[in-house]
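Here are my comments on the complex you sent. Please read them with the structure open.

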Amino acid sequence: MRALFALCPAAMLLVPLSPAVAAEKGLIIRAGEMVSEPFIDAAKAGPVTANQPVTIVEKRGGWTNVESGGRKGWVRTLNIRLEAGARPAGSTGQVASLRTGSSGRTVTTGVKGLDENDIRNATPDMAQVAQLSSLVVSPAEAQANAAQSGLHEQQVAYLDKGKTKEKGK
Amino acid sequence: MSGRCIRAALTVALASLCLPAASAFAQIPDIGGIINAAKGAKKLGDSFRKISDEEEVKIGGDLAGIVLGAAPLANDPAGQHYVSRLGQWLAMHSDRPTLPWKFGIIDTDDFNAFSTPGGYVLISRGLLDDMHNEAELAGVLSHEIAHVVRKHHLQALQTSLRDSAVGDFKDYIGGPGGLAGQFASALVNAGKDMFVRGLDRNDEYEADRMAVVIAARAGYSPYGLGGVLQTLSAVPESKGFALMYKTHPLPVDRLERLDIAMGTRLDGYEGLVDDLPSFVALRAPPPPPPPALAAPVKKGKRRQ
């Protein structure tokens, strides 16, 4: 058992944390007010300005709890961009060849890209199109899986462009 | 932008004149070219407006062949099935639920997703691998579904094809399939233009607004797409993102537009999910339990 306990902390370090958690750094997109709780009518918790750096503490749907200059508050999730290079260690992408095993794949050695020239030089591959067609899942299977997964369908109306007080768009 | 209003108000021929001006990547053709283009575009515009779902699917299949010719389907049966099933479920909550939708993962490290008319949707393995949860995947697939639903590609193709001979469009549609024929080769070139230049920027914003609604209708958090845009907002314009950056508005601009459109309007829905255990399992298959930690101890206890 002693050996077990000794192993645990090391093992836990290997388990990737949820990539959306803490220590992400962001920048406010548009100036506005933080609120003290994740509700639109909650008490104001101080102003934020465009490009103000914040530390992301917690995300809760449309709201994100941030800390900046010793103050904490909630801002709209979509009003935050992430700071370049501030992505969590477990995430991939920036340099594909450094990809970790977080997606269950081994390290990629040769990076396969898809750029403008690849498209320009492509010869249409209709055998691949046929293969794509063979992947189709029936609506009945999709429906059954959604029910089994506990997904709750909603009636939601489409959005218009919306308006903002800061900028007329 | 004024291009949208103008486009809605004027005739097909006039609109096709205005479209290039509204596009961020417009090239300004000479006057003679515009006049000739308008003649062709009117003819083709009429054709495209009247095409049936079947004709749209044929065009979409030929265009999907271009992307698949550049990056084939990933050899990942479980992933392909998962994306196909989710895509079908999302498409059932769009305005064109009965199209023969097809979804696939293409084998490239780049971050991108493509769609073509008639319901073809392709997402890159690189983008999929970097997602935080299933709501993000739902957001991206729904964005592509929205392009198909709103026929954004047909508008872009119409612009590209305006200088091409279009007389044999009917022969192409009525033909035996494959890519022979004048129209078919013009279509392939127009498709390549579309993939490297992108769609109208306003169409991208519209697809974002529709995507969050489709995702929520299907039971997913509408903030998944925003999560992907945040991920993209943090990366430099390095190689793996070049084509995506060239063909879409900047992620931060899309975030801002989406924030303004959504406000708190989609916050009140109960039971929407960010992730599902099946998605976590798909991407990070649990390693087999370490043999040292298993059986012997428990067995002994059970016997007592």
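1. Confidence overall. This is a predicted model. The predictor gives the complex an ipTM of 0.78 and a pTM of 0.78. For chain B, the average pLDDT is 81, and 72% of the residues score at least 70.

2. Where pLDDT is low, the predicted coordinates should not be read in detail.

3. The contact between chains. Chain A contributes 69 residues and chain B contributes 79 residues. On the chain A side, the elements giving two or more residues are strand E7 (80-82), helix H2 (116-120), helix H3 (126-134) and helix H4 (139-149). That side of chain A divides into 29 nonpolar, 23 polar and 17 charged residues.

4. Helix H4 of chain B. This helix covers residues 53-70. At 1.5 Å a residue, its 18 residues should span 26 Å, and its end C-alpha atoms are 26 Å apart, which agrees. Of the 18 residues of H4(B), 14 are buried, so the helix is largely enclosed by the rest of the structure.

5. The core. The largest nonpolar core has 104 residues. Val67(B), Leu90(B), Leu141(B) and Ala215(B) touch the most other members. Helix H7 (residues 134-149) of chain B gives the most to this core, with nine residues. Leaving aside residues up to four places away in sequence, Val67(B) touches Ile106(B), Phe114(B), Leu122(B) and Phe195(B).

Conventions:
Residues are numbered from 1 along each chain as its sequence is written. Chains are lettered from A and ligands numbered from 1 in the order in which they are written. This is a predicted model: local features need pLDDT of at least 70, side-chain atom pairs count only at pLDDT 80 or more; totals for chains, interfaces and linings use all residues. Two residues are in contact if their C-beta atoms, placed from the backbone, lie within 7 Å. Helices (H or I, at least four residues) and strands (E, at least two) are DSSP runs, numbered from the N terminus. Ala, Val, Leu, Ile, Met, Phe, Trp, Tyr, Cys and Pro count as nonpolar, Asp, Glu, Lys and Arg as charged, and the others, Gly among them, as polar. The expected span of a helix is 1.5 Å times one less than its number of residues. A residue is buried if 20 or more other C-beta atoms lie within 10 Å of its own, exposed if 12 or fewer, and partly exposed in between; C-beta atoms are placed from the backbone. A nonpolar core is a set of buried Ala, Val, Leu, Ile, Met, Phe, Trp, Tyr and Cys residues joined through C-beta atoms within 7 Å. pLDDT is the predictor's confidence in each residue, from 0 to 100.
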